Amino acid sequence: MTTLSIKFKVIAVIVGALAIGGGGLTRIVHVSHQATVAEIAQNSLRTARISFSTLSKAQERQLASSTELLMANKELRDAYAARDREKLITATQPLYDRLKKQYGVTILNYIDPDEKRYVNMTDPRDPKLFGKKAVRFNVQDSVKTKTWSNGIALGRLGLALRATHPLWTSGTLKGDQLLGYLELGSEIGGLLDTIKQQSHNDYGLLALKKHLKAEDWAAQRAALKLPNNWADDPNTVLAGNTSSNKEILRYSGDIEALPDDGLALGVLDQRAKHFARSVFPIRDVSSAKIGAMFVLVDVTPQYEQAKAIQQKILLATGGLMVFLTLSLVLLLNQLVFKRLARITELATNVVGGDFKTPLQVSSDDEIGQFEALFEQFRAVFVGVLDDMERLMSQQKPPDDQS
Amino acid sequence: MGQLFDLRQKIESTIASQGLDAVKVKGSIGLKTGVLLNLVNASTPDDATKIERLRAAVKEVLGVSL
């Protein structure tokens with residue numbers, strides 16, 4: 001049977017205990033790090049949601065006040081009332097240019113009472129845009145309620161914040177004779193850059209393809225000199241992205257099933273970088289989910305910090321293993337093994353005939369007590385041997401020379 | 001009678017010829033065999049088991065066959 005020395009067993013216990021302890025600490029650091037990353041993702045998600053909502057509301061108010069200013073412009077109302085499209089375009093153009101440059105208003109539409117576009121200032125002289133019905137909830141809502149319908153709406157070209165209001169001959173908010181509807185809007189992609197400037201995170205805007213038309217999307221991308229990304233995903237299309245990396249913003253889940261508070265999507269590792277991803281749905285003016293805002297937080301520093309802590313723990317555990325092993329072996333050698341070896345040597349010498357050398361009790365500890373007991377035993381044994389030798393010498397035959 | 005004593009004498013002379021510490025070596029052999037060599041004299045009765053054990057211990061401790 002193989003026997004293991006006490007030294008080996010002690011070292012094995014130390015190494016085992018420290019390995020378990022080190023492993024446990026590493027695991028705790030890992031779990032704590034994951035919790036931190038999850039919290040960062042949740043905070044970023046919440047901040048992005050609040051920022052998006054706040055900025056959207058501010059933009060809506062700006063659109064509404066701009067709409068009111070246009071409604072109050074008699075020259076515009078008269079041109080519209082006279083059904084003089086060219087005059088209306090000419091009168092609107094400098095105002096539209098200023099609104100576009102100063103406030104990012106990219107949409108300015110005059111819509112007839114039957115919901116058909118009369119003038120679309122994005123491309124005012126394109127005859128294909130005349131007389132086409134503006135199929136959007138905000139238009140339908142404003143037609144139905146005869147008041148403001150403001151919020152996000154998916155148009156033929158993508159997601160935009162829109163403010164729509166009836167245009168009365170009086171130029172006031174309430175009137176008797178309806179000229180049509182005035183719709184102002186701005187692409188919400190611009191909000192992403194504003195939020196990024198505040199948070200330094202990256203954002204992607206996904207729109208549900210089922211509310212869009214592939215040919216319209218292709219036309220918009222071409223106009224913006226961007227590659228057509230319609231085929232990138234079966235359900236959604238990336239409408240805006242503050243990151244140069246499209247892949248990290250990809251989402252194949254069901255946007256319409258997303259909870260309003262959003263969802264943390266875990267961590268994406270890419271090119272030695274780590275990103276916490278989350279997404280929240282965007283509702284249009286009718287409260288339908290029409291897209292999603294994708295939030296991307298670079299958590300590489302947190303990962304590196306956790307990794308550094310884990311390495312330090314492993315290093316410290318290894319160092320502690322060596323230190324404790326050496327210390328304990330040294331201590332056991334001094335306190336136990338050397339003294340046991342001395343007792344063994346003395347026992348051997350007694351059996352070998354050295355009856356005179358006593359065992360010095362070195363301490364009052366457990367081994368010292370054993371030394372004292374052994375010395376008492378040795379004295380008894382030596383006494384017995386003396387007696388026996390004396391007895392044998394009395395019985396020794398005359399020819400024995402030893 | 002006398003074989004055990006002869007063996008004791010041979011052991012002692014081997015220890016002396018090898019210049020070893022007699023007390024330590026005899027103690028080591030004694031502990032291995034349970035035979036106190038100092039108590040073995042010419043009148044000690046022979047015991048085949050003890051002799052065999054002593055020879056095995058000598059072979060192990062001193063490396064010689066007696």
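Helices, taken as DSSP runs of H or I, span at least four residues, and strands, runs of E, span at least two. By this assignment, chain B of the predicted model has three helices and zero strands. Along the sequence, the pattern of chain B reads α-α-α. Of the 66 residues in chain B, 27% are buried. Among the contacts in chain B with a separation of 6 or more, 67% are between residues 24 or more positions apart.

Two of the helices in chain B pack against each other. Helix α2 (residues 22-33) and helix α3 (residues 48-61) of chain B meet at an angle of about 130°, and their axes are 9 Å apart. On the side of α2(B), the contact is made by B:Val25, B:Ser28, B:Ile29, B:Lys32 and B:Thr33, and on the side of α3(B) by B:Lys50, B:Arg53, B:Leu54, B:Ala57, B:Val58 and B:Val61. Sorted by class, six residues of this contact are nonpolar, two are polar and three are charged.

A helix pair in chain A was also examined. Helix α5 (residues 189-199) of chain A packs with α1(A) at an angle of about 130°, with the two axes 10 Å apart. The helices α1(A) and α5(A) are therefore oblique to each other, and they cross in a right-handed sense. From α1(A), the residues A:Thr47, A:Ala48, A:Ser51, A:Phe52, A:Leu55 and A:Ser56 meet A:Leu191, A:Thr194, A:Ile195, A:Gln198 and A:Ser199 of α5(A). This contact of α1(A) with α5(A) has five nonpolar and six polar residues, and no charged residues.

In soluble globular proteins, nonpolar side chains tend to be buried together. The largest nonpolar core in the model holds 65 residues, of which A:Leu159, A:Tyr203, A:Leu205, A:Ala207, A:Met293, A:Phe294 and A:Val295 touch the most other members. Helix α1 (residues 6-71) of chain A supplies the largest share of this core, eight residues. Apart from this core lies another of 11 residues, including B:Ile15, B:Ile29, B:Leu54 and B:Val58. Leaving aside residues up to four places away in sequence, A:Val295 touches A:Ser44, A:Leu45, A:Ala48, A:Asn201, A:Tyr203, A:Ser278 and A:Val279.

The two chains also meet. Chain B gives 15 residues to the contact, and chain A gives 15 residues. On the side of chain B that touches chain A, seven residues are nonpolar, six are polar and two are charged.

Conventions: Residues are numbered from 1 along each chain as its sequence is written. Chains are lettered from A and ligands numbered from 1 in the order in which they are written. This is a predicted model: local features need pLDDT of at least 70, side-chain atom pairs count only at pLDDT 80 or more; totals for chains, interfaces and linings use all residues. A nonpolar core is a set of buried Ala, Val, Leu, Ile, Met, Phe, Trp, Tyr and Cys residues joined through C-beta atoms within 7 Å. A residue is buried if 20 or more other C-beta atoms lie within 10 Å of its own, exposed if 12 or fewer, and partly exposed in between; C-beta atoms are placed from the backbone. Two residues are in contact if their C-beta atoms, placed from the backbone, lie within 7 Å. Axes are lines fitted to C-alpha atoms, for helices over the stretch in contact, and angles run from 0 to 180 degrees between N-to-C directions. Angles under 35 degrees count as roughly parallel, over 145 as roughly antiparallel, 65 to 115 as roughly perpendicular and the rest as oblique. A crossing is left-handed if the near helix is turned anticlockwise from the far one by less than a right angle, and right-handed if clockwise. Ala, Val, Leu, Ile, Met, Phe, Trp, Tyr, Cys and Pro count as nonpolar, Asp, Glu, Lys and Arg as charged, and the others, Gly among them, as polar.
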